[in-house]
Amino acid sequence: PTGKQQHVNRPKFRKWFEWASVIADDFHYIKRHLPENIAGKIIVTNTTTSQDREMLRERGAKYLVTSTPMLDGRSFGTNVFEAALTAALESQKPLSCEQIEIALSEIGFAPSITRLN
């Protein structure tokens, strides 16, 4: 979903949300289809805001895991961090996996694990 559609919640795939202990996907997609009760679920995603974390808490999610750290109350997509590293290293081509790993290690980059309930 894009634009205003990403803010509309239309619960869908309820049986799969109930079945899964871990829900992993793009957060806009999760948010759009999320049922009211996700008690005990672990959400693995990115691009979340403090309001998104509060909504997950209210619906009963146990943990929120993002592959990027929280900055000013928000997690960003990995593509944003890759672009920032590429710019910071003044690279004219995509960084290798080794270059990315070294740069992330040097800046103390770590995923975020937030206990919600």
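**Notebook: looking through a predicted model**

I began with Gly 40, which I found in the loop between α2 and β2. The model I am reading is a predicted one, and I keep that in mind for each entry below. Gly 40 comes out as partly exposed, its relative accessible area being 43%. I then looked up what Gly 40 touches once its neighbours within four places in sequence are left aside, and the list holds Ser 21, Gly 60 and Lys 62. I also checked Gly 40 against Arg 14, which is 26 residues away along the chain, and the two C-alpha atoms are separated by 15 Å.

**Salt bridges**

How many salt bridges does a search of the whole structure find? I noted 3 of them, and I took them one by one.

The entry for Lys 31 pairs it with Asp 52, with 3.0 Å between the closest N and O atoms. This pair links distant parts of the chain, since Lys 31 sits in helix α2 (residues 27–33) and Asp 52 in helix α3 (residues 50–58), 21 residues apart.

Next I looked at Arg 59 and Glu 36, whose side chains meet in a salt bridge at 3.4 Å, N to O. Arg 59 is buried, with a relative accessible area of 13%, whereas Glu 36 counts as exposed at 54% relative accessibility.

The remaining entry joins the side chains of Arg 57 and Glu 54 at 2.9 Å, N to O. These two residues are 3 residues apart in helix α3, so about one helical turn separates them. I recorded both as partly exposed, Arg 57 with a relative accessible area of 32% and Glu 54 at 34% relative accessibility.

**Ser 75**

I turned to strand β5 (residues 74–75), in which Ser 75 lies. Ser 75 is buried because its relative accessible area is 0%, and buried here means under 20%. Which polar partners does the side chain of Ser 75 have? I found that it reaches the backbone nitrogen of Thr 47 at 3.1 Å, and that a polar contact of 2.9 Å joins it to the side chain of Thr 48. Not counting residues up to four places away in sequence, Ser 75 touches Asn 46, Thr 47, Thr 48, Thr 66, Thr 68, Pro 69 and Met 70.

**Helices α4 and α5**

For α4 (78–88), I listed the buried residues as Phe 81, Leu 85 and Thr 86. They lie on the same side of α4, because they cover an arc of only 135 degrees around the axis. On the other side of α4 I found Asn 79 and Ala 87 exposed. I then asked what covers the buried residues of α4, and the cover includes β4 (70–71) and α5. Just after α4, Glu 90 takes a positive phi of about 50 degrees.

I repeated the steps for α5 (residues 97–107), where Ile 100, Ala 103 and Leu 104 are buried. Their arc around the axis is only 100 degrees, which puts them on the same side of α5. The face turned away from that buried side carries the exposed residues Glu 98, Glu 101, Ser 105 and Glu 106. What covers the buried residues of α5 includes α4, and I had already noted α5 within the cover of α4. Just after α5, I found Gly 108 with a positive phi of about 75 degrees.

Note on methods. Residues numbered from 1 in each chain as written. Predicted model: local features only at pLDDT ≥ 70, side-chain atom pairs only at ≥ 80, totals over all residues. Heavy atoms only, no water. Buried < 20%, exposed > 50% of the residue type's maximum accessible area, 1.4 Å probe, protein only. Helix = DSSP H or I, 4+ residues; strand = E, 2+ residues; numbered from the N terminus. Arc of directions from axis to C-beta. Contact = heavy atoms within 4.5 Å. Polar contact = N/O pair within 3.5 Å; in protein donor to acceptor, adjacent residues only side chain to side chain. Salt bridge = Lys/Arg side-chain N within 4 Å of Asp/Glu carboxyl O.
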